[in-house]
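Subject: Structure for you to look at

Dear colleague,

I am passing on the structure below, together with some notes on what was found in it. Please read them with the sequence and the coordinates open beside you.

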Amino acid sequence: MPFADAPMLEHVTQPVLLVENGMVRFANAAARSILGSHVVGQDVRIAIRIPEAIAAITAPEGGTVRISGLSVPGSQWDLACHSLGNDRKMIVLEDLSVRVGVARAHADFVANASHELRTPLAAVLGYVETLEDDKAGGDPDTRKRFLGIIRHEAQRMQALVEDLMSLSRIEAVKHDTPTEPVDIVALAREAAGEVQNRAEVRLSTNCDSAMVAGDRGQLAQVLRNLVDNAIKYGKPGNPVHIDVETSTAGRVAISIRDEGEGIAPEHLPRLTERFYRVDTGRSRAAGGTGLGLAIVKHIAERHRGWFDISSRSGQGTTATVILPLLLRDE
Ligand SMILES: Nc1ncnc2c1ncn2[C@@H]1O[C@H](COP(=O)(O)OP(=O)(O)OP(=O)(O)O)[C@@H](O)[C@H]1O
Ligand SMILES: [Mg+2]
């Protein structure tokens, strides 16, 4: 084989082609998935098919070029062609849409977070300015009312900053799987107890305890966020149901169900996006930031589990987290 090291390139994430005398001799898995397996053995100019790339590929010393439309229309790639001597070349492709996508998601996130902070901040500044004015600020009733609004807006900012910090803490540890033994039944009882003066919570279980390898604080936050949603968006006066069920498949499902208006199906897939809310006004009025379910999803994934939410308009919502049970010999 002219390229003895080729097998080492098979699983490199970037598409790589090895070319000899203008013919493709090797294409790794990533390259085959975008160009097709048939490119091996083809003239490289036919395999790549992009006129701008040909100059870089055919120049004896190689070169780099930005090309578009290689895989799907509109996709953008950086193509680098390195000469290996003896008319052998290595072509490495980099998908710019991945980089652009990450950068865009980051920019969107920063823009959303700033927007969410700016609204309450503007309100706080506005009311402080009014209070500084002797005429309006001098009246005790007005003063009291405005201070109440300032407190409320400041609490909103505090909740947002706390949620943002939670998200970044969870992201920072997302690759280390938690190990502390945590009893989900005990946690569910605590979550129900915490909100007993806000709503009636009915807990049902099919077991006395359900142990998982977890991060207790994070799992408590999952329950808190889901119970909080069920109370906020459920029917006032109706109970919230927490159901903890272990299965013989070695998993525990924690379901939180409310009897509220439910969620229209088109919103369901987007609910775990940061800042996504069905009714922004309603969520804001209830002190929501739109990060609660994003946090739940991240925590479930860190615990090798998953999160699902199902709902029928008018018939309430069920949010479920499924986690692997801790096996006795783990
Ligand atoms: N049980 C539910 N019933 C109806 N709608 C829900 C329910 N749970 C979540 N939603 C919808 O999903 C949106 C996102 O929920 P999420 O918990 O992420 O944010 P939030 O509750 O608005 O704010 P936060 O949880 O950060 O305080 C909510 O704004 C609401 O529109
Ligand atoms: Mg919420």
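S75 itself is found in the loop between β3 (62-68) and β4, where helices (H or I, at least four residues) and strands (E, at least two) are DSSP runs numbered from the N terminus. With a relative accessible area of 6%, S75 is buried; buried means under 20% relative accessible area, exposed over 50%, and partly exposed in between, with a 1.4 Å probe and protein chains only.

Before going further, please note that this is a predicted model, in which local features need pLDDT of at least 70 and side-chain atom pairs count only at pLDDT 80 or more, whereas totals for chains, interfaces and linings use all residues. Residues are numbered from 1 along each chain as its sequence is written, chains are lettered from A and ligands numbered from 1 in the order in which they are written, and side-chain values use heavy atoms, with hydrogens and water left out.

Strand β4 (residues 76-85) also holds L79, which counts as buried because its relative accessibility is 1%. L79 and V92 are 13 residues apart in sequence, and their C-alpha atoms are 5.9 Å apart in space.

N86, in the loop between β4 and β5 (88-95), has a phi near 55°, a positive value in a residue other than glycine, and at 71% relative accessibility N86 counts as exposed. R49, in the loop between α2 (44-48) and α3 (51-58), likewise is not a glycine and has a positive phi of about 60°; R49 is exposed, with a relative accessible area of 52%. A further exposed loop residue is A249, with a relative accessible area of 53%, which lies between β9 (240-246) and β10 (251-257). The C-alpha atoms of A249 and H303, 54 residues apart along the chain, are separated by 17 Å.

What surrounds ligand 1? The shell has 19 residues, the closest being N229, D258, S283, T289 and L293, where a residue is counted as near if one of its heavy atoms lies within 4 Å of the molecule. These shell residues divide into 7 nonpolar, 7 polar and 5 charged (Ala, Val, Leu, Ile, Met, Phe, Trp, Tyr, Cys and Pro count as nonpolar, Asp, Glu, Lys and Arg as charged, and the others, Gly among them, as polar).

On the polar side, an oxygen atom of ligand 1 is 2.9 Å from an N or O atom in the side chain of Y233, and a polar side-chain atom of D163 lies 3.5 Å from an oxygen atom of ligand 1. A nitrogen atom of ligand 1, in turn, is 3.4 Å from an N or O atom in the side chain of T317. Of the 600 Å² of accessible area that ligand 1 has on its own, the protein covers 93%, as calculated by the Shrake-Rupley method with a 1.4 Å probe. The elements that give two or more residues to the shell are α8 (216-233) and α10 (292-302), and α8 supplies the largest share, 3 residues.

With best wishes

Conventions: A polar contact is a pair of N or O atoms within 3.5 Å; within protein, one must be able to donate a hydrogen and the other to accept it, and residues adjacent in sequence count only if both atoms are side-chain atoms.
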